[in-house]
Structure formats: C-alpha cells, structure tokens
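Here's a quick briefing to read next to the model. Have the viewer open and follow along.

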Amino acid sequence: MPQIDSTVVRAWCSLALEALGREREEIDAINVYPVADGDTGTNLYLTVESASQAVEAVFAAGTAPDCGDTVRAMAHGALIGARGNSGTILAQLLRGMSEVLAEGRDGDHLARALRRAAASARQAVAHPVEGTILSVASAAASAVPGGADEVTVAKAAYDGARAALERTPAQLAVLERAGVVDAGGRGLVTVLGALVEAVSGEAPARLLRAARPAAPDGESCRAGGPAFEVIYLLEADDTAVARLRGRLDELGDSLVVVGGDGLWNVHVHVDDAGAAVEAGIEAGRPYRVRITHFAGTDPASAAVPAGRAVVAVLPGEGLAALCAEAGATTVLARPGEPPASGELVAAIRRAHAREVVLLPNDAALRHTAAAAAEQARAEGIRVALVPTRAAVQGIAALAVHEPDRRFDEDVVAMTAAAGATRYGELAVAEHRSFTSAGVCQAGDVLGLIDGDVAVIGHDVATTAETVLDRMLSAGGELVTLVLADDAPDTLAARLEAHVRVCHLAVDTVTYSGGPQAPLLLIGVE
C-alpha cells in the first residue's frame, strides 16, 4: 500500500474542494449554531480553497515538492484563508495534522496526525462545546486503530466522524430543536471523505441530503448575542497572543485563535468590533480585518451606493475591454489560472453597487462563483448568479441588461438570453486523447459544442465551418465570433462569408478576444 505523499495531499485538497462545492448549499442550510447565518458551508469551502491554492503554488514552483512542504503549504493556506468559526477550527485541524505528517507518511503517522488535530483544535477554542465540529474531530481520532495502514486509518476516521455527526443533535439542544446535525461537523465529514478517496481511490458513500431546518427559534437566531463577527490575521508572539485570548474572551464569545510561529488567525463574536481590533493592535500587527454584522448591513454604515452592476469573468483582454465598455466590472481569466472566489468577491466590492449580477462565463467556475456570491451577500450586497457557461453567453446576457428595470426582471431577462445562446469553441489538441468524437492526435483541431468535443479536424477554418453548420442546424438568428490574436488572419472573413452564403437571414458579429483568449469562440442566439 503506497504511503501518503505530496500527490495524495494535493488530491485530498482538490477532492475536498470539489465535494464542499457540491454540498456547500446543503451545509449552509443547516447552519444554526453558533449563529444561524447560513454560511458554514461557504466558509469551509473558502478555507479549503485557500489551502488548495497554496498546495498548487508549491507544485507550480517547478520541482516536485516533498510531502512535508506540501502539508505545510496546505496548513498555511488554510490559516491565512480561514473564514468563520468552523473554517477557523478546520484550519487548526489541518495544522495539527501537518505537524505530524511532515515527519512520516504511514498509517501510524496518519493516526497520530488525526489525534494531534483534534487536540489542537480543542485548545484553540476558548470554550469548547460538544455537539460541534470538535466532537466530530475527536470521534474521528478515537476511532482509528493502531498499527493499521493509511487506508484503514482514513476509513475508520471517516466512519467514526459520521457516527459522531449523527449524535450531535443529542449533544446540542439547538440542533435537536431545529432537526439538523451540526453544520461544521457535516463539513468535516465531507473533508474526511475526500481523504478516504485520496488515499484509497474509492469515494465513500455520500451522506444523505441534509434536511432544511424549520424557522429557527430565538436562541438559534442569536437573539441577545453579539452583533459582529470579527476575523483578522495577526503577527504576534505567543505571550502577546495569550494576553489577547483573555481580553477577547472578556469582550465576546465563539473565540477561536489558531496558528503559531508568529502568525495567527483570530475569530470572535463581539458587540464592540472596534475593541476587538484594538486588542489585536495591542498584541501585534493585525491585518486582513473582516467585520460582519450578523443582522446584515450595519445600520451605522449603510452607505452602500444605490444602483446595479454586472461583474463578468472574461478569458481575454479584448473581451474584458469590450464588456468594460458596456459597463461591466471585469475579472480576467488567464489560461490555466482561473480566478479564485476571493478575486470575484473583490470585483463585486469594486463594482460598488447595491445590486450585482455575476456572470462566471465558465462551467468550471460554478462553485467558485456561488461561494463568492454567498460571501458578498453576507456583506449586505444583493447578488444574483447567472450560470453562464461561456463568454458568448455572458455577452448575450450583458446585451439585454437594463439597470433601470426591477432587479428580478433584469436577472430573468439576462438568464433567458444566456440560456438561448449555444456556445462553441475551437482548440488545438496538445496530446493524443480519447474524446466524445473519437481519438484525437496532438495538433488536431477540436471543435467543441456546448462543452463537448463534436468535431476533430486538421484545418482551423474547415473545422470552424463544420462546427457552425452543426450549431445552426437547429436554427439561429445571430452568430457571435470571438477570435484570438493568433487566429488565422483570413478566418473571420471566411466564416462571415460562410454564414452569409449557407445560412440566410443569420447575422454575424465579430470581436477580438485579445492575446490570451481561446483560438475561436462561437455563439449562436
């Protein structure tokens, strides 16, 4: 049985991110403790996203990283990107595991890593409560056998965590009244399930779909509780952090301080957010300060401008400039570098609008965009996510955008325009591969329709014409062509002529995608 190595850790992060993306909304829906703000799934997703990005950065450095470097990168990424109460605790769990896995990679070390993780997470929480992610982590650690291989250990931890999750309503009254299990614990079970898949190659049986709770009662709605969540990174020594824990414990509750070696992530719920930040300044250097009002937008700072904006992700400078001219706030997606949810949240903030329509323009960004939208909503911004799967669908949606009509009507019109647009793309195969249209060789021209390879050719123009004919076989009124700078000079004219001759009454519009855009994008409305 192979030991845990850097590729297994990388796979674990990737699988955990994918799984949390799938289950984010379900976990959000059962979030009733410690605050019923419906963001636990989103916070866990953002935390793991940061960990995964840190791991990918290590692999992108060129040389194959060893396991120690990889697990340390994972822990550091989770630490600096931790969100919310459960995300902060998860960061400490990953840090505890990394401390042991950096020393060894067999089953015994994995078992010790799980025990270290559970213990360090409890130490990070000022007042541990049973029936939460802490209980699930402890049960996972207690369930692992001694002297077993890493697959057996991972499966035992997962099974122990699942059993503990089912017991959480009996441990915490607010969960029992709401008829749900703990949301943070549910997220941890998902992360441990990804670990099982990473080490064994087999995904465990998924949990049953979470039931949505009934309207929460006064306790779970946080009646009488602190008004603000305060989170920041802090550079400080251990002595200063010990004093900070005492000060913040006096100011509020849900206090979690994780990290070490001079860098910490501080999370607390308080009524006086300013005092919590000032305590951090006294302890060291706080930065990346995030303050969230649990009731939505803080009335004292309700200066969010009126109006509506569109935020669009575009795969080329030419398209980004085109959409910016149309009034959109743009995010550039470079080849092999999809934007993270944090970049999308920053773009939503940069739009400086009360209402925002988000166009991801890539099917692979659906979870990232959904997490960004959820984070922005927590900050008081009304966000609608139109699930555009290609840039040409985003262009179609932007074309019918009317900021003066009602928000819901505008979103419906943009969604309908995007949904009525079929999308195609031309790409050049980098290596021999099996596709839905057959086997392609390196250098072949691939014609994709609605995300699937439909045509394999040898000539760009001829393949493009075949793709156009197939897309227009079901009808169409307008063809949109977006060409990269390195597309053949005569391609646009040839395709425009082809549509004019072979498809009467169909109009064509052509745009430049810029130097980093896909070879050819096609839209048919």
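Is helix H6 (residues 133-143) largely enclosed by the rest of the structure or largely open, and why? It's largely enclosed, because nine of its 11 residues are buried. Buried here means under 20% relative accessible area, exposed means over 50%, and partly exposed is in between, with a 1.4 Å probe and protein chains only. Before going further: this is a predicted model, where local features need pLDDT of at least 70, side-chain atom pairs count only at pLDDT 80 or more, and totals for chains, interfaces and linings use all residues. Residues are numbered from 1 along each chain as its sequence is written, and side-chain values use heavy atoms, leaving out hydrogens and water.

**Overall build**
- The protein chain has 18 helices and 16 strands; helices (H or I, at least four residues) and strands (E, at least two) are DSSP runs, numbered from the N terminus.
- Its radius of gyration is 25 Å, close to the 24 Å that the globule rule gives for 525 residues, so the chain is as compact as a globular protein of that length. That radius is taken over C-alpha atoms, and the rule is 2.2 Å times the number of residues to the power 0.38.
- Along the principal axes, the C-alpha atoms fill a box of roughly 75 × 60 × 40 Å.
- Of the 525 residues, 55% count as buried.
- Take the contacts (heavy atoms within 4.5 Å) with a separation of 6 or more: residues 24 or more positions apart account for 71% of them.

**H6 and the cores**
- The buried residues of H6 include Ile-133, Leu-134 and Val-136.
- Among the elements covering them are helix H4 (84-101), helix H5 (107-124), helix H7 (150-171) and helix H9 (183-200).
- The largest nonpolar core has 78 residues, and Trp-12, Met-74, Leu-93, Leu-110 and Leu-114 have the most contacts inside it. H9 gives the most to this core, with 10 residues.
- A nonpolar core is a set of buried Ala, Val, Leu, Ile, Met, Phe, Trp, Tyr and Cys residues joined through side-chain atoms within 4.5 Å.
- Leaving aside neighbours within four places in sequence, Trp-12 is in contact with residues including Met-74, Leu-94, Met-97 and Val-191.
- There's also a second, separate core of 25 residues, with Ala-312, Ala-390, Val-411 and Leu-521 among them.

**The H1–H2 loop**
- Asp-37 sits in the loop between helix H1 (6-29) and helix H2 (40-60), and at 30% relative accessibility it counts as partly exposed.
- Asp-37 and Phe-294 are 257 residues apart along the chain, yet their C-alpha atoms are separated by 6.9 Å.

- Asp-261 isn't a glycine but has a positive phi of about 55°. You'll find Asp-261 in the loop between strand S2 (252-260) and strand S3 (263-270), exposed at 77% relative accessibility.
- His-352, also not a glycine, has a positive phi near 55°. Its place is the loop between helix H13 (341-351) and strand S7 (355-359), and at 53% relative accessibility it counts as exposed.
- Pro-515 is in the loop between strand S15 (507-514) and strand S16 (520-524), and is partly exposed at 49% relative accessibility.
- Not counting residues up to four places away in sequence, Pro-515 touches Glu-317 and Asp-485.
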